[in-house]
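User: Please take me through the pockets and the nonpolar packing of this model, giving the cut-offs as you go.

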Amino acid sequence: MFDNNNTKTSVSFVTQIDGNGEQMRAENEGLMGVLAMRDNLFFPATINPVIVGRKTSLKVIREAEKHDNLIAVFAQKDPSTEFPGQDDLYPFGITAKVIHQMRMPDGTYNVLLQGMNRVHLESMVPETLYD
């Protein structure tokens, strides 16, 4: 999967919990797409609506459909950064499952994400799938 700079991203799992304190773990540990969030903060075992508009973020959501709907979500340090790289993201985030998505009239997508596990961003590996 891929992040906003069309790179594969390696993540490691930190915790595995759900709302009942039971273990809940994403199946595909390792490489997954990254959704960089400008003004939102997510936690495991929560469900959050998100408006996705950046082309690269939409590609991550579409690619997730092919891979169990799982993505990694990290908050941006500076919301004005249009194409964030690894140094522009906080190192801890979550894996999230894309539960639902709906295209809006303005071309953005309203996406419902379910937080799964806390993850650590290890590295971003360049990839050119979307070129």
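User: How many nonpolar residues does the lining of the largest pocket have, by class?

Analyst: This is a predicted model, in which local features need pLDDT of at least 70 and side-chain atom pairs count only at pLDDT 80 or more, while totals for chains, interfaces and linings use all residues. Residues are numbered from 1 along each chain as its sequence is written, and side-chain values use heavy atoms, without hydrogens and water. A pocket is an open set of points on a 1 Å grid over the protein atoms alone, where a 1.4 Å probe fits, with protein on both sides within 12 Å along at least five of seven lines, and lining residues have an atom within 4 Å of a point. Of the 14 lining residues, two are polar and one is charged, and the nonpolar ones number eleven.

User: Which residues of the largest pocket's lining lie nearest its centre?

Analyst: The largest pocket holds about 210 Å³ of space. Nearest its centre lie Leu41, Phe42, Phe92, Gly93 and Ile94.

User: How much space lies in the second largest pocket?

Analyst: Its lining includes Leu35, Arg38, Val50 and Ser57, and by class it has six nonpolar, three polar and three charged residues. The space in this second largest pocket is about 180 Å³.

User: Which residues have the most contacts inside the largest nonpolar core?

Analyst: A nonpolar core joins buried (under 20% relative accessible area, 1.4 Å probe, protein chains only) Ala, Val, Leu, Ile, Met, Phe, Trp, Tyr and Cys residues through side-chain atoms within 4.5 Å. The largest such core has 17 residues, and those with the most contacts inside it are Leu35, Ile71, Val73 and Leu113.

Terms used. Buried < 20%, exposed > 50% of the residue type's maximum accessible area, 1.4 Å probe, protein only. Points joined across faces, edges and corners; volume = space filled by probe spheres on them. Nonpolar A, V, L, I, M, F, W, Y, C, P; charged D, E, K, R; others polar.
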